[in-house]
Amino acid sequence: MALPRHVVVCGAGVIGASVAYFLTRRGIAVTVVERSGVAGAASGKSGGFLALDWCDGSPLGPLARASFTLHAELARELATDYGYRRVDTFMLAARERGTPSGGHRVAAPSWLDGAGVVTATLGSTDTTAQVQPARFTSALLDAALARGGVLRMGLVESLIQHAGAVRGVAVGGESIEADAVVLAMGPWTGRLSGKLPLPAIQGLKGYSVTLVGADVPAHALFVDYRAADGRAFEPEIFPRPDGDVYVCGMADPAPLPDSPEAVEVCEAACDTLARAASRVSTALAAARIARRQACYRPVTDDGLPLIGRVPGVAGAYVATGHGPWGILNAPATGRALAELIADGAASSVDLRPFDPARLPAAR
Ligand SMILES: Cc1cc2nc3c(=O)[nH]c(=O)nc-3n(C[C@H](O)[C@H](O)[C@H](O)COP(=O)(O)OP(=O)(O)OC[C@H]3O[C@@H](n4cnc5c(N)ncnc54)[C@H](O)[C@@H]3O)c2cc1C
């Protein structure tokens, strides 16, 4: 099979950056087209938590295991420090008012000195890790650019097709020619795919805050939390090596806006997250909120990503719908899609569970 001469990757989130990285590693010319900013959407605002075996028992299991291993390799290969480190991971129960009954059920780290109860150990430094996701995405893209890849800022308006095959993309009224195109526009992939036979891709909104001023160890926390008004949710707390503590949660059914810049942040939801963090540790209670953010993760109807060929359009590929595990699964996704594009089949991971043709086309 002839190698494609030029591939256009639409979207510079973690998935597009990873696909570009693995394509350029094989010597293929790549142009990444991004409408707003590298890692400007979920890929720059997510937790960056990684787990080896949390997807076991689902079709995602092998992809996640391959990705967890690749993350460790990439942290050595890529020239940048993007905060990759192994972490211990705990489950807690906490309430906005009062303390859950019973004491800690496993040995609790001393900094978890608030009103929470540590109920389980969820992972160790063998099985859980983290990256700073914006910096990881940029590191992948920078490595692709260092191998001759090109980043073009602009809005991909449509796919140019001729006789059932892709010929390029239209960007700002101009054409960029390509013999393969990868759609990696996260939750916005569905907006472009208008006339393409792709399954539905939605965006699920979530909030996060970044706390500064707490010096706490490399422990990731998943909290079973009950607010004073009875609402239950599960904040996730990820201290980062640079001293920031990232806290996310609070799903919101708000519809996906047209662009990452138009995503609205709800101050009250962010304050609720910070309050939840303050309940589990006096160090977090004393910390200051430095950033409030919101973003949309891309989701599909069956909860599995779409990774593979766009049905019926030769040379068109899609990689999106990674839901809560896009940062984890980006490396193995990028490597497998590069194999599919260059060799005609993915050899490192079985992509059949993620074949876009498994679901009906949205329209
Ligand atoms: C609050 C929250 C916490 C999370 N925590 C974790 C975690 O701890 N671990 C984990 O593994 N995953 C986590 N995730 C999931 C992860 O963030 C996503 O799965 C992942 O970032 C999706 O990456 P993407 O590249 O598919 O999409 P995006 O990051 O959305 O990137 C898509 C890019 O495409 C661009 N684009 C869109 N339309 C166009 C167009 N027409 N032309 C050009 N460019 C376009 C956008 O501007 C954007 O930059 C979290 C998600 C959320 C919301």
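This is a predicted model: local features need pLDDT of at least 70, side-chain atom pairs count only at pLDDT 80 or more; totals for chains, interfaces and linings use all residues.
**Ground rules.** I number residues from 1 along each chain as its sequence is written, and side-chain values use heavy atoms, with hydrogens and water left out. Local features need pLDDT of at least 70 and side-chain atom pairs count only at pLDDT 80 or more, while totals for chains, interfaces and linings use all residues.

**Domains.** I looked up the division of the protein: domain 1 is 6-80 + 131-199 + 302-358 and domain 2 is 88-124 + 203-300 (bounds from an automatic or database domain assignment). Their centres, taken over C-alpha atoms, are 29 Å apart. The contact (heavy atoms within 4.5 Å) takes 29 residues from domain 1 and 24 residues from domain 2.

Next I checked the buried area (accessible area, 1.4 Å probe, that two parts lose on being put together, summed over both). Between the domains it is about 2,100 Å², with 60% from carbon and sulfur atoms. Lys45, Pro187 and Trp188 supply 27% of what domain 1 buries against domain 2, more than any other three residues.

**Helices.** I then turned to H1 (residues 14-25) and H4 (residues 133-146), which pack at about 30° with axes 8 Å apart (helices are DSSP runs of H or I, at least four residues, numbered from the N terminus; axes are lines fitted to C-alpha atoms over the stretch in contact, and angles run from 0 to 180 degrees between N-to-C directions). That angle makes H1 roughly parallel to H4 (under 35 degrees).

Which residues of H1 meet H4? I found Val14, Ala17, Ser18, Ala20, Tyr21 and Thr24, and their partners in H4 include Phe136 and Leu140.

Note on methods
Helices (H or I, at least four residues) and strands (E, at least two) are DSSP runs, numbered from the N terminus. Angles under 35 degrees count as roughly parallel, over 145 as roughly antiparallel, 65 to 115 as roughly perpendicular and the rest as oblique.
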